[in-house]
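User: Hey, could you walk me through this chain? I'd like to start with the contacts and work from there.

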Amino acid sequence: MPPDDAMRHSAKIISGKDWSQILVLRDDIKMDSYPGWHFILRSVHEITGWDQHSLVLFSVISLFILFCIIPVFFLKFPESWLLSIFTISLIDPGWIMRLFLGRPYIFTMASLIIILLIWPRLNDKRYQLSNLIIITIIAALSVWIHASWYFFGIIVLTFLLAHQWRAATLIALSSVIGIFLGATFTGHPVIFIKQMVTHFFLVYGDHDVERQLVGELRPVIGNYIIILTAAAVLGWRALRKKEIRSSIDNPIFILAVLSFILGFFTRRIWLDWGMAAFAIWLALEFEQFLTDNIDPLSWRRLKIAILSAAIFYVTFTVDAGSRWSLSRPMDYISSEDPKQAEFLPKPGGIIYSDDMGVFYQTFYKNPKAGWRYMLGFESALMPPEDLKILRNIQKNFNRPEDYEPWVNKMRPEDRLIVRGSPDSKPKIAGLEWHYIALNTWSGEKPKEVKG
């Protein structure tokens, strides 16, 4: 089970609710930020009748296949892509794990791969129009599915840095048209674009220290094994007496380098775009070697593919560090459990928590429940006064007294849910505490004693 967004996307479909009925939101958040992805999941649900668990599986499998299958249609030696993924699974297995999270950013990564593989055709007048249409469609779908408008600005910047003026201009033109088309698909283009821009600045602009951001938005020190791998590939290229400049003076390599640098500000850029670019660059290096040394009709190609696939499967499916077993279904909070129901919010209540995991797991298990969540999938979407309370809790490492403003505003139907071991009752005053699930406590206002 993925631990986060795949769960809430699937649960939202089963709930049949708008986010305003699920979360306590800021006044300027008016609509869904992922209308396209929810349209796809809703369509699958209506056709198949699948529950939230099956929709999560669909998300994981379909997006992983989408990302992995695209280069097969563009490479002369598709096994070079398998060699690339296999190599990355050895040097950065955490990145491969991101491809199994079932989140719509993987669609954006797949879109990037298409652009990086077709861009040389933009300099050929015979293919310009068709490829401009492809990029426009990609931009429209990416914005509609993932609201990733800023992604195309980085692509254009990359092509400018590579001195690919024609390609940069054409990609910029197609992207702008595609972004507006994608926003139009939502039915409320002006509101959607305004919310996309507002959300972007809210996410990155409202925190005191970096650790208050979710993990993927924090800076990354840098994966220097990637640098060593790139140096080794270039050294291998030199030993084969191949020109090195053409391998690094191109948009694909430059995007990887630019993303590596921007990763020092936010790791999301490196993980989603830099690593995808590096994977394509590595695949093209492998393809050139195969082109120079193996006949396209040789049985050796089949041997390479089978051996690479087998090694990749064995190395990646092993439960090293409990990377798979820790993702098993959790001890969820469920309103259908009589032992837990008494200590969960009443209809119209609110779950307060400083842990997003509480939202993901509880909403996933209780999509139709009659309560809302103060903290959902993005803290910046909270009302400003509640966001301030959360930031104080995070800044002071969950100091009990920082929960007091929430405790004071809680009603009898509300609950404060926090994590903690069974033998360590929370020291947050003013609430009655009940241990309700694995490392989970629920606090409620003390019941009035009737005389």
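User: Taking contacts between residues at least 6 apart in sequence, what share joins residues at least 24 apart?
Analyst: That share is 69%. Keep in mind that this is a predicted model.

User: Okay. How many helices and strands are there?
Analyst: The chain has 19 helices and five strands.

User: And the radius of gyration, what does a compact globule rule give for it?
Analyst: For 451 residues the rule puts a compact globule near 22 Å, and the chain has 24 Å, so the two agree. Along the principal axes, the C-alpha trace spans about 90 × 45 × 45 Å.

User: What percentage of the residues count as buried?
Analyst: Of the 451 residues, 53% do. As for the surface, the chain exposes about 21,300 Å², with carbon and sulfur atoms supplying 64% of that area.

User: Switching to charges: how far apart are the mean positions of the positive and negative ones?
Analyst: They are 4 Å apart, taking 46 positive and 41 negative charges.

User: Now the inside. Which residues have the most contacts within the largest nonpolar core?
Analyst: Those are Phe67, Trp81, Trp95, Phe278 and Trp281, in a core of 89 residues. Helix H14, residues 267–293, gives the largest share of this core, with 15 residues.

User: What does Trp281 touch, leaving out residues up to four places away in sequence?
Analyst: Trp281 is in contact with Ala230, Val233, Leu234, Ser247, Ile252 and Phe253.

User: Where is Ala147, and is it buried or exposed?
Analyst: Ala147 is in the loop between helix H7 (128–146) and helix H8 (150–161). Its relative accessibility is 13%, and the cut-off for buried is under 20%, so Ala147 counts as buried.

User: What about phi of Asn439?
Analyst: Asn439 isn't a glycine, yet its phi is positive, at about 50°. Asn439 sits in the loop between strand S4 (432–437) and strand S5 (440–444).

User: And how does Asn439 count for accessibility?
Analyst: Asn439 counts as partly exposed, because its relative accessibility is 33%.

Methods:
Residues numbered from 1 in each chain as written. Predicted model: local features only at pLDDT ≥ 70, side-chain atom pairs only at ≥ 80, totals over all residues. Heavy atoms only, no water. Helix = DSSP H or I, 4+ residues; strand = E, 2+ residues; numbered from the N terminus. Rg over C-alpha atoms; globule rule 2.2 N^0.38 Å. Buried < 20%, exposed > 50% of the residue type's maximum accessible area, 1.4 Å probe, protein only. Contact = heavy atoms within 4.5 Å. Areas by Shrake-Rupley, 256 points an atom, 1.4 Å probe, with all protein chains shown as cover. Lys, Arg positive; Asp, Glu negative; His and termini not counted. Charge placed at Lys NZ, Arg CZ, Asp CG, Glu CD. Core = buried A, V, L, I, M, F, W, Y, C linked by side-chain atoms within 4.5 Å.
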